Each structure stands twice: as C-alpha cells, then as structure tokens.
Amino acid sequence: MKIEVLTIFPDMILSYMTQGMMARAIQKGLVDLSVTNIRDFASDKARTVDDYPYGGGPGMVMKIAPVFDALQYLHAEGTDRHVILTTPQGKVFDQTRAQQLVTHSTPLTFICGRYEGIDERVLELVNEEISIGDYVLTGGELPALVIIDAIVRLIPGVLGDSRSGMEDSFSSGYLDCPHYTRPEDFHGRCVPPVLLSGNHKEINRWRKKQAIKKTLKNKPYLLNMDMLTQEEHRLLTEIKEEIENEPG
C-alpha cells in the first residue's frame, strides 16, 4: 500500500512511522511511505505557508498555493490518488472506514492542516475529510497517524498473528475481551480460572461474554441487536440478568 503525507512537520510523521509495527511494515515492503514537506512548495525565501484570513479574525490560515503545488508534484507521476484532509469538520473515523480504506488500490494521500485552519478551496482538491473525534488539535499530523495506524495493521502480513486484526475491538461489532499474561497471581490479583482450564470452547465463550459485557457497559450503542447471533443474544441475556442481580 502506498501512503503519502503532506505536512509542514515531516519529522512528526517519520518519528512514528520508523518505529515498531509501522517500521516492520515498511521494511517488509507492505507499506510504501512518502512524506512531503509542504514548505518546499512555498514561493518565498521564508517558505511561508500561512497568511492572515480575509475578513479578519484570530490566527493564521494555511495557504492553498503550496498545498496545490505539492499535490500537483505528486500527480505528475500520473497515478490517481485518494486524497484525505484530516479536519475536525470531517466524518468521524471508525473501524468500518479503516477496513474500507485498506482496500484502496490507489495511493492514500493525507493533507495535514495547521494554524487556525486551511484555505477552504483546498477542499476542492480532496476526496474526503476525516475527523478522529469532536475536539480540536494543533494540527492534522496526529489524526493522520491515527488513521494510518488503524489502516496499516489491517494489511495482511503486518501483524504477527493474522487473527489479531480480525479479533480487534469493533471488528466483531463489540469491544475486545480482557487479556491476561504471566504471572497467574500478582499480589492477589488472579487470572480467571477459565483461561487456565485448557477448555477452548469455554474460553471462547467466556471471552465473547466478557467482550459483550464490556461493550454494554462502555459503548452500548455499538451493540446491533439485529446482527447478534443466537449465542450472542443468550450471552447478552445472561449478562443483563447478572447485572440485575448484583447487590446494591
């Protein structure tokens, strides 16, 4: 997968993408990363990429010209691109969108805004706007990295265990189950006995039940009753009965 990032802070992207799983994905040739400094396309010696907003107001606005020229430079290769602007005004990113984006055959190009905002005409150059939540950050680099991370880990061969991506939170319609590792007993905090039983059927049932229970508690809106299997409906009923019978 080809991923391109347009930013005025390329080191922010490179410092993350050259570590851990991302670095391994690049080394394996599963991800082809390109980071372009928008300042390289500024027209003045100071490499200015922002200016005062028309109509007045606080802050500075990223100019359209350097962004346009940077995209033109990439498009000179003759390859179509899916251009994404990371912005609080975009549709909120989720696991479903990650699964859709990982199937793109064309490069994914991320534009990272800064300052008070970006010239509205840049929207004419993008295919979609994506937000990672209803809050404001100082720039688009962190949202771009969040989206890239979520996409890259879905590429076959990136994760050490091919089941990991399929068993992630949200992939099954509910959150992930609890996880434990050694030691079995840590100052009185013990691993649930079922996980030590060796009974894989019971282990799988317990994990699914705990995942549904956590979803019901933390993100109930994720539970789509029409999509649950008969077993999942039974587990949900058990959970609700247990909650009703809890003391206090």
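Two strands are taken to pair if DSSP finds at least two bridges between them. Strands (E, at least two residues) and helices (H or I, at least four) are DSSP runs, numbered from the N terminus. The structure is a predicted model, in which local features need pLDDT of at least 70 and side-chain atom pairs count only at pLDDT 80 or more, while totals for chains, interfaces and linings use all residues. Residues are numbered from 1 along each chain as its sequence is written, and side-chain values use heavy atoms, with hydrogens and water left out.

Strands of a sheet pair through backbone hydrogen bonds, either parallel or antiparallel. In this model an open sheet is formed by three strands in the order E3-E4-E7, with mixed pairing. Strand E3 (50-51) and strand E7 (117-118) are the edge strands, each of which pairs on one side only. Between strand E4 (residues 61-62) and E7 the pairing is parallel and runs over two bridges. Opposite Ile118 in E7 stands Met62.

Helix packing was described by axes, which are lines fitted to C-alpha atoms over the stretch in contact, and by angles that run from 0 to 180 degrees between N-to-C directions. Angles under 35 degrees count as roughly parallel, over 145 as roughly antiparallel, 65 to 115 as roughly perpendicular and the rest as oblique. A crossing is left-handed if the near helix is turned anticlockwise from the far one by less than a right angle, and right-handed if clockwise. Contact means heavy atoms within 4.5 Å. Ala, Val, Leu, Ile, Met, Phe, Trp, Tyr, Cys and Pro count as nonpolar, Asp, Glu, Lys and Arg as charged, and the others, Gly among them, as polar.

Helix H5 (residues 141-152) packs against helix H1 (residues 10-17) at an angle of about 30°, and their axes are 10 Å apart. H1 and H5 are therefore roughly parallel to each other, and their crossing is right-handed. On the H1 side the contact involves Met12, Ile13, Tyr16 and Met17, which meet Glu141, Leu145, Ile148 and Asp149 in H5. The residues of this contact comprise six nonpolar, no polar and two charged.

H5 also packs with helix H2 (residues 20-27), at an angle of about 60° and with the axes 11 Å apart. H2 and H5 are therefore oblique to each other, and H2 passes H5 in a left-handed crossing. Met21, Met22 and Ala25 of H2 make the contact with Ile148, Asp149 and Val152 of H5. By class, five nonpolar, no polar and one charged residues take part.

Helix H7 (residues 200-218) and helix H8 (residues 230-244) cross at roughly 60°, and their axes come within 10 Å. The two helices, H7 and H8, are therefore oblique to each other, with a right-handed crossing. The contact of H7 with H8 divides into six nonpolar, no polar and nine charged residues.

Salt bridges (a side-chain nitrogen of Lys or Arg within 4 Å of a carboxyl oxygen of Asp or Glu) number 12 in the structure. One of them joins the side chains of Asp32 and Lys2 (3.5 Å, N to O). Asp32 lies in strand E2 (residues 32-37) and Lys2 in strand E1 (residues 2-7), so the pair ties together parts that are 30 residues apart in sequence.

Two backbone features were found in loops. The peptide bond from Arg182 to Pro183 is cis, with omega near 5°, and Pro183 belongs to the loop between helix H6 (163-166) and strand E9 (185-186). Arg47, a residue other than glycine, has a positive phi near 55° and is placed in the loop between E2 and E3.
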